[in-house]
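Open the model in your viewer and keep the selection panel at hand. The tour goes stop by stop.

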Amino acid sequence: MIINKMGIREQNEAAVLKTIIDNEHISRAEVSNLTNLNKASVSQIMKKLIETDFVKEVGIGDSTSIGGRKPIQLQFNHQSSLAITFDIGYNYVNGMLSYINGQRIAILEKQDILITKDNVFTTIDSIMAEFTPKMPPTTHGLVGICLAIHGIVNQENITFTPYYDLEHIDLVSPLSQKYHTAVYIENEANLTALGEYCFSSDSTNLLSVSIHSGIGVGIIVNGRLQTGTHGTAGEVGHSTLFPHGNLCPCGNRGCLEQYASNKVLFDTYSHYTKKELVNSDIFAKAIRSGEKSALELAQQNVEFLSIGLNNVITFFDPEEVYINSSVYRKIPQLTKDLQQKLTSQFTQNTKIKNSRLGEQAPLFGGNVLIAKNFLNIEDLRFPTIDFL
């Protein structure tokens with residue numbers, strides 16, 4: 001049996017670094033105990049991590065009960081590298097510049113623009129141009145760019161985007177060549193789930209439901225993102241709610257997102273009220289004022305969404321479900337109503353929560369994807385930071 005010494009060394013380095021990230025202010029001896037690596041190996045790895053600025057010594061800890069020299073405390077240096085993440089919706093692009101642990105440096109938003117294959121690069125470039133002068137000096141610089149796509153992504157190929165024309169557009173190569181860094185693309189709901197797992201939750205099994213123009217579910221099982229064979233895992237928005245119902249861009253009829261997405265909710269309310277512009281702020285205001293049409297549509301939305309949630313919870317048996325919707329964030333009662341609709345013995349014990357990360361969840365998730373690849377750590381969680 002041939003042993004890959006380089007692979008083992010990299011695994012050991014990743015294990016040591018993960019232990020330091022998971023346990024701030026930890027000594028070399030404690031790292032040795034937690035990783036089951038001998039002290040000599042830990043010291044050698046630590047020397048390299050300090051030299052490369054991934055770890056820093058931050059002070060002296062307490063001595064043991066039997067006395068002896070006080071240990072030097074170690075801490076992950078999150079300011080050694082930078083990440084940039086984008087959430088590319090059909091009518092907006094949000095961007096975030098941050099340190100590798102998700103600590104934000106700058107946020108930029110481009111709203112009320114229809115994103116197409118003709119303007120997606122110029123829109124990204126305009127945000128990058130604003131981020132560049134804001135980048136603080138770091139040892140490793142910009143180590144990755146991640147793009148959240150509202151559609152299906154399979155092995156860096158965008159295979160289906162129902163609400164804009166980015167299918168089969170190569171976003172990775174041009175951006176990687178222009179900005180000289182790794183570029184990743186992933187489904188928005190999947191990144192949202194990664195963000196919730198890394199920054200919001202203690203659970204190892206969770207679902208994150210993204211409700212925007214469509215409805216997607218990010219799935220975390222035993223700490224791992226589940227994407228499926230073709231990248232279509234979690235496309236609950238394209239499960240059938242009404243056989244022979246409304247036509248969906250996916251080719252099916254009666255899909256859940258044709259009845260329960262935010263876009264459909266706003267379009268329907270606009271049709272009833274003759275208001276040209278409807279968004280979550282306007283709809284929430286109508287709910288708070290007790291407007292009958294808004295209240296009826298909100299309860300209908302809860303009813304439809306609860307059916308989809310009942311199905312997906314039954315499939316995956318998560319501990320928690322995070323709802324990422326601007327409507328449900330601004331009308332928290334709807335989340336409680338949704339919980340009450342889940343009465344099955346298979347779903348009633350699953351906790352339904354509003355997202356802590358809100359509209360920035362896919363940006364934080366993109367940060368996680370960059371960090372996982374750059375740091376070579378699969379199951380990554382950072383200590384809680386000040387998100388908002």
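How many salt bridges does the count come to by the rule used here? The count comes to 13 salt bridges, a salt bridge being a side-chain nitrogen of Lys or Arg within 4 Å of a carboxyl oxygen of Asp or Glu.

Before selecting anything, note the ground rules. This is a predicted model, in which local features need pLDDT of at least 70 and side-chain atom pairs count only at pLDDT 80 or more, while totals for chains, interfaces and linings use all residues. Residues are numbered from 1 along each chain as its sequence is written, and side-chain values use heavy atoms, with hydrogens and water left out.

**Stop 1: a salt bridge.** Select K18 and D22. They form a salt bridge, with the closest N and O atoms 3.0 Å apart. Both residues lie in helix 1 (residues 5–22), 4 residues apart, about one turn of the helix. Helices here are DSSP runs of H or I with at least four residues, strands are runs of E with at least two, and both are numbered from the N terminus.

**Stop 2: the domains.** Colour the protein chain by domain: domain 1 (11–76), domain 2 (82–193 + 361–375) and domain 3 (203–354). These bounds come from an automatic or database domain assignment.

Now show domain 2 with domain 3. Their centres, taken over C-alpha atoms, are 25 Å apart. Domain 2 gives 16 residues to the contact and domain 3 gives 27 residues, where contact means heavy atoms within 4.5 Å. About 1500 Å² is buried between the two, and carbon and sulfur atoms give 57% of that area. Buried area is the accessible area (1.4 Å probe) that two parts lose on being put together, summed over both. Select Y163, N190 and A193: they supply 36% of the area that domain 2 buries against domain 3, more than any other three residues. The count of salt bridges between domain 2 and domain 3 is 0.

**Stop 3: two helices.** Select helix 9 (residues 280–288) and helix 10 (residues 292–316). They pack at an angle of about 110 degrees, their axes 8 Å apart. Axes are lines fitted to C-alpha atoms over the stretch in contact, and angles run from 0 to 180 degrees between N-to-C directions. Helix 9 is therefore roughly perpendicular to helix 10, a term for angles of 65 to 115 degrees. Show F283, A286 and I287 of helix 9 against A294, L295, L297 and A298 of helix 10, which make the contact.

**Stop 4: a loop proline.** Select P136, in the loop between helix 4 (120–131) and strand 6 (142–149). P136 touches L82, Y99 and I105, not counting residues up to four places away in sequence.

How values were computed. Parallel < 35°, antiparallel > 145°, perpendicular 65-115°, else oblique.
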